[in-house]
Amino acid sequence: MAFGSTHELQTQLQLLIDLNFISETKILPLKELLTEIQKMIYSLKTSLKL
C-alpha cells in the first residue's frame, strides 16, 4: 500500500510539471527523495518476505 502511494505521488508531481504549475528543477529534490523512499520500502518488503 505504501509503495503504491509513492507511485501515486510520483504521478501527481509529474502532472504539476506537465501542467506548468511548477518547474522540474524545483520538483527534482522531491522526486529524488521519493525514489529513496521507494527503495527503502522495497528493501523492507523484501526483508520481510511479503
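Contact here means heavy atoms within 4.5 Å. This is a predicted model, where local features need pLDDT of at least 70, side-chain atom pairs count only at pLDDT 80 or more, and totals for chains, interfaces and linings use all residues. Residues are numbered from 1 along each chain as its sequence is written, and side-chain values use heavy atoms, with hydrogens and water left out.

**View 1. Ile 17 and its contacts.** Ile 17 sits in helix H1; helices are DSSP runs (H or I, at least four residues), numbered from the N terminus. Leaving aside residues up to four places away in sequence, Ile 17 touches Ile 22, Glu 24, Ile 27 and Lys 31. Ile 17 is buried at 11% relative accessible area (buried is under 20%, exposed over 50%, partly exposed in between, with a 1.4 Å probe and protein chains only). From Ile 17 to Ile 27 it's 10 residues in sequence and 8.0 Å in space, C-alpha to C-alpha.

View 2. H2 runs over residues 24-48 and spans 35 Å from first to last C-alpha, close to the 36 Å expected (1.5 Å times one less than its number of residues). Its buried residues, Ile 27, Leu 34 and Gln 38, pack against H1 (2-18). Just past H2, Lys 49 takes a positive phi of about 60 degrees.

**View 3. Two salt bridges.** The count is 2, taking a side-chain nitrogen of Lys or Arg within 4 Å of a carboxyl oxygen of Asp or Glu. Lys 31 pairs with Glu 24 at 3.8 Å, N to O, and Glu 24 is partly exposed at 44%. Lys 39 pairs with Glu 36 at 3.6 Å, N to O; both lie in H2, 3 residues apart, about one turn.

Methods. Helices (H or I, at least four residues) and strands (E, at least two) are DSSP runs, numbered from the N terminus.
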